[in-house]
Each structure stands twice: as C-alpha cells, then as structure tokens.
Amino acid sequence: MMLDLGGCSTSISEMPIGSVSSDPRATETGAYLPVNALPPERDEAAMDPAERAKVQKELVAARDHQATAAAAKGQGQANDQNQAQNPAQAAK
C-alpha cells in the first residue's frame with residue numbers, strides 16, 4: 001500500500017516566521033483607508049444636479065419597464081397554466 005502525500009506538503013521556507021510587523025508588505029500603504037478615517041473632500045461635485053436627475057429618470061423608467069415585463073410574463077404563465085389544467089375550456 002503506497003501513500004501519495006506529495007500534493008499535500010508545504011515548504012517550510014514559505015511559512016511566515018516572526019510577527020506581522022516584520023512582514024514587508026505590512027508597511028506598504030494600500031488603497032483602503034483606516035477604519036475611522038474619512039476620505040478627503042472632493043474639489044468638484046461628483047455629478048451635477050441636471051445629470052443626476054437624468055440618470056434617476058432613466059433608472060426609474062428601466063425599473064418600471066422591468067416591472068411591466070415581469071407582470072406580463074407572469075400573466076402569460078398563469079394563462080398557460082389555466083389552459084393546461086382546463087383543456088376543455090381552452091378549446092371553446
């Protein structure tokens with residue numbers, strides 16, 4: 001009986017030794033802010049009010065379109081189920 005353990009082995013040279021502060025990556029500044037720090041103020045507005053209103057209008061229209069399409073699809077499925085359950089009435 002042979003055991004193949006080669007795939008489960010880990011090299012000791014890859015294991016961290018010492019504290020986290022000795023890790024060179026810990027001193028690098030990342031893209032994330034510390035937990036309680038606020039981002040710096042913007043020099044200009046992210047989006048002007050007219051552009052924001054336009055985007056909101058488009059999103060509301062898309063939402064309403066999807067709701068209408070989902071309702072129509074649900075209504076069509078309900079009609080298909082009724083016809084499948086009552087084939088005699090569907091033939092009339």
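Buried residues account for 0% of the 92 residues in the chain. The model is predicted, and its secondary structure amounts to two helices and zero strands. The chain exposes about 9,400 Å², of which carbon and sulfur atoms supply 56%.

**Salt bridge**

- The structure contains one salt bridge.
- This salt bridge joins the side chains of Arg63 and Asp64, with an N to O distance of 3.7 Å.
- The pair qualifies because the cut-off for a side-chain nitrogen of Arg and a carboxyl oxygen of Asp is within 4 Å.
- Side chains of opposite charge can pair when their charged atoms come close.

**Accessibility of the paired residues**

- Arg63 is exposed, its relative accessible area being 53%.
- Asp64 has a relative accessible area of 39% and is partly exposed.
- The two residues fall into separate classes because exposed requires over 50% relative accessible area, while partly exposed covers the range between that limit and the buried limit of 20%.

**Nonpolar surface patch**

- Met47, Val55 and Leu59 make a nonpolar surface patch of about 250 Å².
- Met47 is partly exposed, at 39% relative accessibility.

How values were computed. Residues are numbered from 1 along each chain as its sequence is written. This is a predicted model: local features need pLDDT of at least 70, side-chain atom pairs count only at pLDDT 80 or more; totals for chains, interfaces and linings use all residues. Side-chain values use heavy atoms; hydrogens and water are left out. Buried means under 20% relative accessible area, exposed over 50%, partly exposed in between (1.4 Å probe, protein chains only). Patches are made of residues with over 30% relative accessible area and no salt bridge: like charges are joined within 9 Å, nonpolar side chains (Val, Leu, Ile, Met, Phe, Trp, Tyr) within 5 Å. Accessible areas come from the Shrake-Rupley method with a 1.4 Å probe; for residues, only the protein chains shown count as cover. Helices (H or I, at least four residues) and strands (E, at least two) are DSSP runs, numbered from the N terminus.
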